[in-house]
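My notebook is open and the model is loaded. I will jot down what I look up as I go.

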Amino acid sequence: MAGVDMALLEDLSRRGLINQATGDGELTQHLSESRTLYCGFDPTADSLHIGSLVPLLTLKRFQMAGHKPVALVGGATGLIGDPSFKAQERSLNTPEVIAGWVDKLKNQVSRFIDFGCEENAAIVVNNLDWTCDLNVLDFLRNVGKHFSVNNMVNKESVKQRIQREGEGISFTEFSYLLLQAMDFSELYQRYNCTLQIGGSDQWGNITGGVDLARRQYRGKVFGLTLPLVTKADGSKFGKTESGTIWLDAKRTSPYAFYQFWLNTVDADVYKFLRYFTFLVVDEIDAIEDADRQRDGRPEAQGILAREVTRLVHGEEGLAAAERISRALFSGDITDLSAADLEQLRLDGLPSSTLPKDFSGQSLINLLVDAGMAPSGKPVKDALGRSAVLINGEVKGMDSNATPAAVFSADKALSDNYFIVRLGKKKYHLFTLAD
RNA sequence: GCAGGGGUUCCCGAGUGGCCAAAGGGAUCAGACUGUAAAUCUGACGCGAAAGCUUCGGUGGUUCGAAUCCACCCCCCUGCACCA
């Protein structure tokens, strides 16, 4: 069989990827042979976001070390909703919607792990397969009997919901733990899966599964949780002004994705390199040292952005993201040729076509309509502070009423294009109507 | 069902008849400084370019005037629901 990398846990630990593990250190011993492990992803949208990247990449790390990864998509658990550390009860989605999301997630997850290799090829499973036909009485007798409500109520993950004034938890969400525990037990039965990994918020659910596998099948299985990704300034990781950073290129373009990582603050960037890339830890430490000795801008952000964008969007996505970034941030946009501009559009720079007739339009509402701002206020503010540039030229409030003059054909790049910059980082490409 | 508490602008949270588009904090956006950072400072932050318009669970009412008072309804939370 393929060699198993015994240093895996050591490496994970150096990366700061180990939050908590069950089994008092027995896990190291357990992983001296090739094992099967799983991680679950619930369909809460039609795409995963970068919050799921840490467990996803960790599955891959395990596979690279010789273990067999199982990616579980929660077709069943997604119907219920995980209450862990959620402040409020969530509304339910319809089974049809969830089923659609499950398919999308399966595809997405599949891109990160290897299904072709002989020894430890990955598999994707759906927990709906073993829960949809389960009847309530069987469930209550065979699964429910193994759980103590006293114990469940004391789980940290639901405590705030139960104790906090003004909140509560439905029986539906309360039961979530049992479903996830059942998954682990089931995968143990089916595939001899003996390890579950997940975010630190999953600790309660994972230990539930460890207990259930033991009680039902006398199975000795393990759990390992990964840290929640936090930012140095305390704000939520993975959100920006334009919303969540998704893994799906249709939701977050490779360019926007690349820019997200490029904008990582210094205080977080080395940690993120350890979390989100496969660069070896020594190499990351070397980057950090080199950056420290240099004045000015560190290299780490660029490396991080390149590595992660390549992992998620491939070489092509990365190339596109870099092309746009170079054109917009380190060149003179008026030098761009028509072909260059067309390429930027293909690469995913947000773009739209200007209306034929400008009457009744103001510059502000043209930009708002193009999606550059949610309302006119920020644009007005920007206009008043010389923060709107069209083809490199500053526009002020006085241009607002005369969009026809601003977007006249003789001012267009290559007779057809306008690059509008709002603030420092927001760009949009306009083309004239045919 | 009964009793009590509560529903305010993205979030938290003040406001209990006019001075309220509604304190404060957070988040977010823009500017300065920078490195397409951070920290800091400044400005914005319901909609509208503006005049102005529309908000405080819903509907109706009282009033010159309501987020604030009244009525009914909806939703959430807590407790009770044999003994009570």
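**His313.** I looked up His313 and found it buried, at 15% relative accessible area; buried means under 20%, exposed over 50% and partly exposed in between, with a 1.4 Å probe and protein chains only. His313 lies in helix H15, which spans residues 300-329. Helices here are DSSP runs of H or I with at least four residues, strands are runs of E with at least two, and both are numbered from the N terminus. I then listed what His313 touches, leaving out residues up to four places away in sequence: Leu247, Asp248, Ala249, Thr252, Pro254 and Phe257. Contact means heavy atoms within 4.5 Å.

**Ground rules.** I note that this is a predicted model, in which local features need pLDDT of at least 70 and side-chain atom pairs count only at pLDDT 80 or more, while totals for chains, interfaces and linings use all residues. Residues are numbered from 1 along each chain as its sequence is written, chains are lettered from A and ligands numbered from 1 in the order in which they are written, and side-chain values use heavy atoms, with hydrogens and water left out.

**Domains.** I have chain A down as domain 1 (8-226), domain 2 (239-330) and domain 3 (343-431). These bounds come from an automatic or database domain assignment.

**The core.** Which residues touch the most other members of the largest nonpolar core? I find Ile50, Leu53, Phe62, Leu195, Leu247, Trp261 and Phe276, out of 58 residues in that core. A nonpolar core is a set of buried Ala, Val, Leu, Ile, Met, Phe, Trp, Tyr and Cys residues joined through side-chain atoms within 4.5 Å. Helix H15 gives the largest share of this core, 8 residues. The core lies between domain 1 and domain 2, because both give residues to it.

Beyond four places in sequence, Phe276 touches Ile50, Leu53, Val54, Leu57, Arg61, Val229, Phe237, Trp261, Val308 and Leu311.

**Domain 2 against domain 3.** I get 28 Å between the centres of these two domains, taken over C-alpha atoms. In this pairing, 9 residues of domain 2 are in contact with 9 residues of domain 3. Together the two domains bury about 850 Å², 67% of it on carbon and sulfur atoms; buried area is the accessible area (1.4 Å probe) that two parts lose on being put together, summed over both. Arg323, Ile324 and Leu328 supply 49% of the area that domain 2 buries here, more than any other three residues.

How many salt bridges does the rule find across the interface of domain 2 and domain 3? It finds 1, a salt bridge being a side-chain nitrogen of Lys or Arg within 4 Å of a carboxyl oxygen of Asp or Glu. I also checked Arg323 and Asp347, which form a salt bridge with their closest N and O atoms 2.7 Å apart. H15 gives the most to the side of domain 2 that touches domain 3, with 6 residues.

My count for the structure is 20. Asp46 pairs with Lys104, the closest N and O atoms being 3.9 Å apart. Asp46 sits in the loop between strand E2 (36-41) and helix H3 (53-64) and Lys104 in helix H5, so this pair ties together parts 58 residues apart in sequence. Asp46 is buried at 19%, whereas Lys104 is partly exposed at 44%.

Arg214 and Asp211 meet at 3.5 Å, N to O. Both lie in helix H11 (residues 203-217), 3 residues apart, about one turn of the helix.

Lys395 bridges to Glu393 at 3.2 Å between the closest N and O atoms. I find Lys395 buried at 7% and Glu393 partly exposed at 44%. Arg14, Arg274, Asp282 and Asp285 are linked in a network of salt bridges.

Ser110 is in helix H5 (residues 95-110) and is partly exposed at 24% relative accessibility. Leaving aside neighbours within four places in sequence, Ser110 is in contact with Phe115 and Val124.

Is Gln293 buried or exposed? At 71% relative accessibility Gln293 counts as exposed, and its place is in helix H14 (residues 281-293). Gln293 and Gln361 are 68 residues apart in sequence and 53 Å apart in space, C-alpha to C-alpha.
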